[in-house]
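Please examine the sequence and the model below before reading the notes.

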Amino acid sequence: MVNSAHPRPSIDALQTELVQWRRQIHRFPELGFQEQVTSRFIAQKLKSWGLEVRTGVAKTGVVATLRGNSDGPVFGIRADMDALPILERNAIDYASEVSGVMHACGHDGHVAIALGAARWWSEHRDQLPGTVKFLFQPAEEGPGGAIPMIAEGALQDPDVEAIIGLHLWNTLPLGQIGVKAGPSMGDTAKFTLTVIGKGGHGAIPHQTIDAVVVGAQVVTALQTIVSRNVSPFEPTVVTVGKFNSGSNFNIIAQTAQIEGTVRCFNLEMAEWLPKRMEQVIRGICDAHGATYEFDYKRHYPAVINDPQIAALVRFVAEDFLGQEQVQPETTLGGEDMSYFLQKVPGCYFFLGSANAELGLDKPHHHPCFDFDETALGLGVEMFVRCTERFFSA
Ligand code: NI
């Protein structure tokens, strides 16, 4: 059910432009740290509205400062701007013009929404008792633009005191907001395992150590970590996404390559999981006389929302859209917004963008991903209201 709440008229008036900006960026998607055209587009708009603009932050990032009518606190708004290596399959007139690259996660919309908020505040400076800082971040999809942006001073001069960001979210229908205090998105890791056995003839198995059999047992045993070692109340995932082994039907494989991802919310769990995994792997390999190489890389830490800022976002969302439209949404997907939230209190929330009636409800990272652009104006209204509430609190 699409909510009847509308942005205020002065934001509603931006809707045509929001759609234009989003579609322009959608047509020319760029991968992480290559967002040159996107970055120029953003900087040019911000400069034309009179913001102080710093470009080339973490290669392609843009940081813009908008000072209001007094030296109040500094509120940060963050948007990511990179696309994905996916071939777009949408038959739309604003489809990607770059083969094999697509805005399949909605970051084109994130840019448009943050630009919309910048535009609106630039026209309402007299109502702004402080400073708003806009952070346009590269490479969220990897390898990660938040760390280099922070290292290059994106949160300083003037120092950001609280920060918010949003993700357009096709898991929620248009008109809904997902927000939760505390862990909101997952701690993510990737593992690569090579099981090393002893190859040989398929008819003479007793002279071999079969890497397929050992690897298969490892995959099965890894399933017991979440189901038998972790509390059912602790969201955790161990996924084996890849298993490569063997060369022919009558040859016993020497090695098996296994890769996967591990997700959780809790730091202690994130540190314990690779230890437990290796214990299981070692035990099974030992039992069969196989050896192994295990590589485990932590990726982004969990997104942890500050309780006060999350309460502020929730209040604003309920006030704007209605209490029943606000959900405690969480996901074990990863986001490097987490690094900003480790530095300053803030909140990352989900903006419902699915419209099943229009077929705009494909999952993120799908080659036919698209969202209901009505969400753009709702996003601007959320950012503007959160900023107002922050300064009035
Ligand atoms: Ni995303």
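Which backbone oxygen does the side chain of Ser 96 reach at 2.9 Å? That atom belongs to Val 98. The model is predicted, so to speak of local features a pLDDT of at least 70 is required, side-chain atom pairs count only at pLDDT 80 or more, and totals for chains, interfaces and linings use all residues. Residues are numbered from 1 along each chain as its sequence is written, and side-chain values use heavy atoms, with hydrogens and water left out.

**Ser 96**

- Ser 96 lies in the loop between strand S3 (74–80) and helix H4 (107–122); helices (H or I, at least four residues) and strands (E, at least two) are DSSP runs, numbered from the N terminus.
- With a relative accessible area of 18%, Ser 96 is buried (under 20% relative accessible area; exposed is over 50%, partly exposed in between; 1.4 Å probe, protein chains only).
- The side chain of Ser 96 also reaches the backbone oxygen of Val 101, at 2.7 Å.
- Leaving aside neighbours within four places in sequence, Ser 96 is in contact (heavy atoms within 4.5 Å) with His 26, Arg 27, Pro 29, Glu 88 and Val 101.

**Nickel site**

- Cys 105 (SG), His 107 (NE2) and His 167 (NE2) coordinate the nickel ion at 2.2 to 2.3 Å; donors are N, O and S atoms within 2.8 Å of the metal (3.2 Å for Na, K and Ca), and sites may look incomplete because water is not among the atoms.
- His 107 lies in helix H4 and His 167 in strand S5 (residues 162–173), so the pair ties together parts that are 60 residues apart in sequence.
- Both His 107 and His 167 are buried.

**Backbone geometry**

- Gly 142 and Pro 143 are joined by a cis peptide bond with omega of about 0°, and Asp 157 and Pro 158 by another with omega of about -5°.
- Ala 139, although not a glycine, has a positive phi of about 55°, and this residue is buried at 0% relative accessibility.
- His 365 has a positive phi near 75° and is partly exposed, with a relative accessible area of 37%.

Terms used. Polar contact = N/O pair within 3.5 Å; in protein donor to acceptor, adjacent residues only side chain to side chain.
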